[in-house]
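The following paragraphs walk through a protein model, one part at a time. Please keep the sequence and the structure in view while reading.

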Amino acid sequence: MRYLILSDIHANIEALEAVLANANGHYDRIVCCGDLVGYGPDPNAVVEWVRNNVDAVIRGNHDKGCCGLDDLEWFNPLARAVCQWTAGQLTNEHRDFLRGLRAGPLDLAGFQLVHGSPLDEDEYVISINDAKNIFPYVESSLIFFGHTHLQCCWLMRGGRYESVAPIWPAETERQVRISPDASYLINPGSVGQPRDGDARAAYAIYDTETREVLQRRCHYNVAETQRKLRMDGLPEPLALRLEAGR
Ligand code: ZN
């Protein structure tokens with residue numbers, strides 16, 4: 001079985017469509033580590049697509065914030081503004097869907113989905129040093145997480161920690177063979193708002209038979225998403241950060 005692993009789509013339908021076209025034919029099922037909405041201009045279209053196409057999905061902090069399950073005082077002013085805008089856009093049906101999303105960790109076929117960390121759905125696991133504090137407590141040897149919008153792959157083998165080199169700008173993918181004697185924390189990166197300095201949409205594919213994870217990047221129509229953000233009167237930094245990938 002080949003899983004398309006998505007995270008942090010953030011209401012960016014252009015990035016989502018580019019990822020689906022790029023991954024076309026290379027996956028059987030779709031799973032998502034949360035944050036369907038927030039930041040982007042198309043919350044209803046993305047929630048609709050997730051409802052119809054995603055086989056397993058957990059909630060992110062923006063999903064909670066935009067449907068009234070979380071207090072927005074934890075959000076930075078920019079995130080709060082767009083969360084309030086998103087809440088006003090969501091149809092009742094889509095708001096109810098977000099409210100009903102379950103928290104991670106979610107156990108699937110030999111791997112887990114979490115939004116932040118396996119220990120706390122809202123925790124940011126930014127560096128391998130953060131990961132070192134988590135590995136001793138994980139209940140699955142293969143965990144996909146999101147929340148930071150930073151594509152990465154860390155592993156622990158025999159008490160030693162390793163980091164797989166990120167995808168450089170001239171490349172489009174990185175292949176990781178999952179070893180039976182190691183534990184992995186893998187962030188597929190953000191579909192809709194990458195923050196690792198690479199503006200390309202990010203995702204991963206996991207093949208349970210070959211035990212290979214493919215991390216990938218693909219270009220999308222950033223200008224179109226920016227146009228919509230501006231048309232909706234959303235704060236300009238939201239548009240600018242998309243082209244910077246920050
Ligand atoms: Zn997010």
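Axes here are lines fitted to C-alpha atoms, for helices over the stretch in contact, and angles run from 0 to 180 degrees between N-to-C directions. The model is a predicted one. In it, helix 7 (residues 222-231) and helix 8 (residues 236-244) pack with their axes 9 Å apart, at an angle of about 175°. Helix 7 is therefore roughly antiparallel to helix 8, since angles over 145 degrees count as such. On the helix 7 side, the contact is made by Val 222, Thr 225, Gln 226, Leu 229 and Arg 230. These meet Glu 236, Leu 238, Ala 239, Leu 240, Leu 242 and Glu 243 of helix 8. Sorted by class, the residues in this contact are 6 nonpolar, 2 polar and 3 charged.

Six strands make up an open sheet with mixed pairing, in the order 3-2-1-11-12-9. Strand 3 (56-57) and strand 9 (173-177) are at its edges; each has a single partner strand, so one side of each lacks a neighbour in the sheet. Strand 9 runs antiparallel to strand 12 (residues 212-218), and 5 bridges join the two. Within strand 12, Val 213 stands opposite Val 176.

Strand 12 also pairs with strand 11, again in the antiparallel sense, over 7 bridges. Here Leu 214 of strand 12 is the bridge partner of Ile 205.

How much of strand 12 is buried? The strand is mostly covered, with 7 of its 7 residues buried. In a regular strand, side chains alternate between the two faces of the sheet. In strand 12, Glu 212, Leu 214, Arg 216 and Cys 218 point one way, while Val 213, Gln 215 and Arg 217 point the other way. Charged residues such as Glu 212, Arg 216 and Arg 217 are thus among those buried in this strand.

Helix 1 lies across strand 1 (2-6), strand 2 (29-32), strand 11 (201-207) and strand 12, and runs at about 40° to strand 11. Helix 1 is mostly covered, 8 of its 11 residues being buried. The buried residues are Ile 13, Glu 14, Ala 15, Leu 16, Ala 18, Val 19, Leu 20 and Ala 23. They pack against strands 1, 2, 11 and 12, and also against helix 2 (43-53) and helix 7.

In soluble globular proteins, nonpolar side chains tend to be buried together. The largest nonpolar core in this model has 45 residues, of which Leu 6, Leu 16 and Leu 36 touch the most other members. Helix 1 (residues 13-23) gives the most to this core, with 7 residues. Beyond its neighbours within four places in sequence, Leu 16 is in contact with Leu 6, Ile 9, Val 46, Trp 49 and Val 191. Another core, of 21 residues, lies apart from this one and includes Ile 58, Leu 106, Ile 186 and Tyr 206.

One further residue is Arg 157, found in strand 7 (residues 152-157). Arg 157 counts as partly exposed because its relative accessibility is 30%. Not counting residues up to four places away in sequence, Arg 157 touches Glu 162, Ser 179, Asp 181 and Ala 182. Arg 157 and Asp 181 are 24 residues apart along the chain, and their C-alpha atoms are separated by 6.5 Å.

Notes. Residues are numbered from 1 along each chain as its sequence is written. This is a predicted model: local features need pLDDT of at least 70, side-chain atom pairs count only at pLDDT 80 or more; totals for chains, interfaces and linings use all residues. Side-chain values use heavy atoms; hydrogens and water are left out. A nonpolar core is a set of buried Ala, Val, Leu, Ile, Met, Phe, Trp, Tyr and Cys residues joined through side-chain atoms within 4.5 Å. Buried means under 20% relative accessible area, exposed over 50%, partly exposed in between (1.4 Å probe, protein chains only). Helices (H or I, at least four residues) and strands (E, at least two) are DSSP runs, numbered from the N terminus. Contact means heavy atoms within 4.5 Å. Angles under 35 degrees count as roughly parallel, over 145 as roughly antiparallel, 65 to 115 as roughly perpendicular and the rest as oblique. Two strands pair if DSSP finds at least two bridges between them.
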